[in-house]
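Let's take a friendly walk through a protein fold, starting from its inside. Have a look at the picture before reading on.

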Protein chains: 2
Amino acid sequence: MVKTIEFVDGKVRMLDQTRLPLEVVYVDCTDYHMVAEGIKKLRIRGAPAIGIAAAMGIALGARDVRAADFDEFMNGLEPVFQTLLATRPTAVNIQWAVERAKKLLSEKRHEPVDRLKELLVEDAKKVLEEDIQINRAIGRWGAQFIRDGDTVITHCNAGSLATGGYGTATGPIRVAVEQGKKIQVYADETRPVLQGCRLTAWELMQDNIPVTLITDNTAGALLRKGEINLAIVGTDRTVANGDVANKIGTYSLAVLCKENGVPFYVAAPLSSIDFSIPSGDLIPIEERGPEEVTHVFGCRIAPEGVRVRNIAFDVTPARYVTGIITEKGVFRPGDLHLLNEKDADLEAVMLKPGE
Amino acid sequence: MVKTIEFVDGKVRMLDQTRLPLEVVYVDCTDYHMVAEGIKKLRIRGAPAIGIAAAMGIALGARDVRAADFDEFMNGLEPVFQTLLATRPTAVNIQWAVERAKKLLSEKRHEPVDRLKELLVEDAKKVLEEDIQINRAIGRWGAQFIRDGDTVITHCNAGSLATGGYGTATGPIRVAVEQGKKIQVYADETRPVLQGCRLTAWELMQDNIPVTLITDNTAGALLRKGEINLAIVGTDRTVANGDVANKIGTYSLAVLCKENGVPFYVAAPLSSIDFSIPSGDLIPIEERGPEEVTHVFGCRIAPEGVRVRNIAFDVTPARYVTGIITEKGVFRPGDLHLLNEKDADLEAVMLKPGE
């Protein structure tokens with residue numbers, strides 16, 4: 001599996017995903033501004049991966065803060081937090097990384113500043129390692145719902161490239177393959193940025209997992225023909241009532257699955273679940289510039305001067321979601337809030353195959 | 001409005017739509033093989049336009065047939081018919097043009113062969129003129145369903161470029177604008193061949209009709225937000241029970257419209273209605289090569305060697321269709337068969353605005 005991001009020699013090395021699949025190029029970020037730029041320009045993308053990038057960006061930013069004491073250090077870190085938070089509004093994982101860093105620092109406030117800087121680097125590396133473990137747990141829980149011979153559809157890229165290196169939506173697919181199940185994957189190309197085409201198809205091919213690329217328009221026809229058994233997608237932010245924000249087009253896929261009786265699963269590490277928001281309609285949705293629609297790899301495809309609406313994410317209401325696959329188990333969207341409650345009997349409400 | 005196709009100086013001149021919107025280039029076809037190639041390579045596309053192209057191709061092919069009598073002439077024409085019919089299987093309009101030519105020739109079988117050749121040229125020109133009149137009639141019937149201030153979504157290109165020059169799906173839009181209604185159009189870009197981006201957005205911009213380009217993935221989110229009032233699309237073949245074959249992605253749009261309570265209309269000249277087929281599942285559906293998905297304007301976007309499924313059309317079951325807009329009026333899909341029955345009281349079953 002390809003390495004998406006790592007902290008090496010005091011730099012954040014990220015694979016420049018905008019150049020895939022034509023070129024495999026790594027960028028070494030030497031300060032937090034380069035990390036923020038990498039997130040904004042989609043060199044790194046995918047909710048878990050940008051959470052990791054944010055944690056590493058914070059560690060990099062902290063290193064360059066000159067501060068004599070804790071309060072001065074926290075003040076100096078504020079622009080780092082704000083710059084990273086401002087890059088992309090929809091994924092909750094940057095916020096999650098900032099809160100995690102603040103909590104760590106607050107717990108260790110009596111340590112010297114230089115030690116705090118070291119702790120942030122150590123924790124950023126831990127975020128990466130934990131992410132891979134979480135993906136594997138999601139993979140094991142989710143793989144129960146993939147039968148031998150199944151065809152799975154996925155949208156965008158919630159694969160190894162969107163994470164520390166195993167994938168959320170591709171986690172169950174990878175585990176199913178490891179279990180010896182013969183499966184097929186349809187990858188929606190995912191316009192406008194073509195993450196499904198450029199990234200998901202590419203990374204599954206690297207690992208010899210049978211994948212077929214289709215345009216986003218084709219999913220409906222295949223669902224209607226009965227050629228797809230289940231859908232698994234990722235999420236940039238899933239909220240307390242089980243509504244799911246994910247790449248634009250996810251809502252359409254979910255509606256088409258429901259219309260054709262095909263189960264629709266969302267792979268969501270706890271880091272992408274925002275219990276502070278009650279309903280999906282309150283999730284901030286990023287709109288991006290027209291160039292992603294009017295140009296492909298720098299090549300103009302649309303008429304000069306055409307007006308464009310480029311909404312990067314949509315919200316899939318909980319009623320279209322069969323199950324949310326977390327590292328703690330698979331839950332009906334309506335039961336998701338229990339994950340945020342102490343003493344909830346998760347085992348009792350967990351979704352099991354065949355239900 | 002731009003000229004899609006015409007018969008001039010004994011040649012068929014077609015706009016090469018594969019080069020739009022970057023270049024406006026015409027191709028002069030000097031024999032029927034060039035016409036067939038133009039249809040196959042999508043230089044001309046859209047069910048009505050390829051019906052016109054087929055009629056002109058037949059006239060061109062007939063000119064070069066050496067025959068002493070009617071039977072020899074018909075034998076000589078057979079390869080012309082077969083070549084044109086083999087270009088694209090889904091649109092019924094090529095078949096319609098072949099049947100129209102055969103009927104004309106059979107009626108005039110006692111005329112000398114040279115006169116028959118002239119008659120085919122005259123009739124091909126008439127097909128073009130009639131098409132524009134039919135589009136205008138579709139426009140008038142359909143415009144009743146567009147209110148001042150409405151936002152219309154369309155998929156692919158069923159505009160002037162898909163027809164003799166006024167458009168089927170864009171007919172009602174053009175008439176609504178002529179009636180002074182202030183309307184907005186969302187054009188789905190329509191992957192893989194991007195007819196919505198390259199053709200629909202371009203032709204509406206030429207005529208100053210407010211159009212916004214979106215990816216196919218974006219339609220669902222806008223429908224859910226309530227930002228779209230109605231959908232109008234074209235059709236390559238609509239069959240007796242009201243099932244509609246049209247560009248891949250049409251089915252998805254129709255499902256999303258239904259899910260969000262948005263009416264979904266199909267603009268269908270009688271030439272694209274095939275009463276001989278009882279149900280949409282019997283319509284032959286063209287699958288095309290992978291290059292349309294893996295490359296955009298010659299630029300590779302997908303990993304080398306990726307497997308691709310490129311289904312060019314899908315079938316929208318009649319239950320998703322609010323009304324079918326023909327040159328004879330607007331009908332519920334379930335009433336469509338009445339258009340093929342003598343003495344049916346069409347006026348009584350016609351769909352009226354507000355119903």
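A nonpolar core is a set of buried Ala, Val, Leu, Ile, Met, Phe, Trp, Tyr and Cys residues joined through side-chain atoms within 4.5 Å. Buried means under 20% relative accessible area, exposed means over 50%, and partly exposed is in between (1.4 Å probe, protein chains only).

What you see is a predicted model, where local features need pLDDT of at least 70, side-chain atom pairs count only at pLDDT 80 or more, and totals for chains, interfaces and linings use all residues. Residues are numbered from 1 along each chain as its sequence is written, chains are lettered from A and ligands numbered from 1 in the order in which they are written, and side-chain values use heavy atoms, with hydrogens and water left out.

**The core**

Which residues have the most contacts inside the largest nonpolar core? They are L253(A), F264(A), L253(B) and F264(B), in a core of 66 residues. Helix 8, strand 7, helix 9 and strand 10 of chain A each give two or more residues to this core, and so do helix 8, strand 7, helix 9 and strand 10 of chain B. Helices (H or I, at least four residues) and strands (E, at least two) are DSSP runs, numbered from the N terminus. As a rule, nonpolar side chains in soluble globular proteins tend to be buried together.

Now zoom in on helix 9 of chain A, residues 250-259: 8 of its 10 residues are buried, so it is largely enclosed by the rest of the structure. Among the buried ones are Y251(A), L253(A) and C257(A). Leaving out residues up to four places away in sequence, L253(A) touches several others, including I153(A), H155(A), D188(A) and F264(A); contact means heavy atoms within 4.5 Å. After the helix comes G261(A), with a positive phi near 65°.

**Out at the surface**

S276(A) sits in the loop between strand 11 and helix 10 of chain A. Is S276(A) buried or exposed? It's exposed, at 60% relative accessible area.

**Chain A in numbers**

| Item | Value |
|---|---|
| Helices of chain A | 11 |
| Strands of chain A | 17 |
| Span of the C-alpha trace of chain A along its principal axes | about 65 × 60 × 40 Å |
| Buried share of the 355 residues of chain A | 62% |
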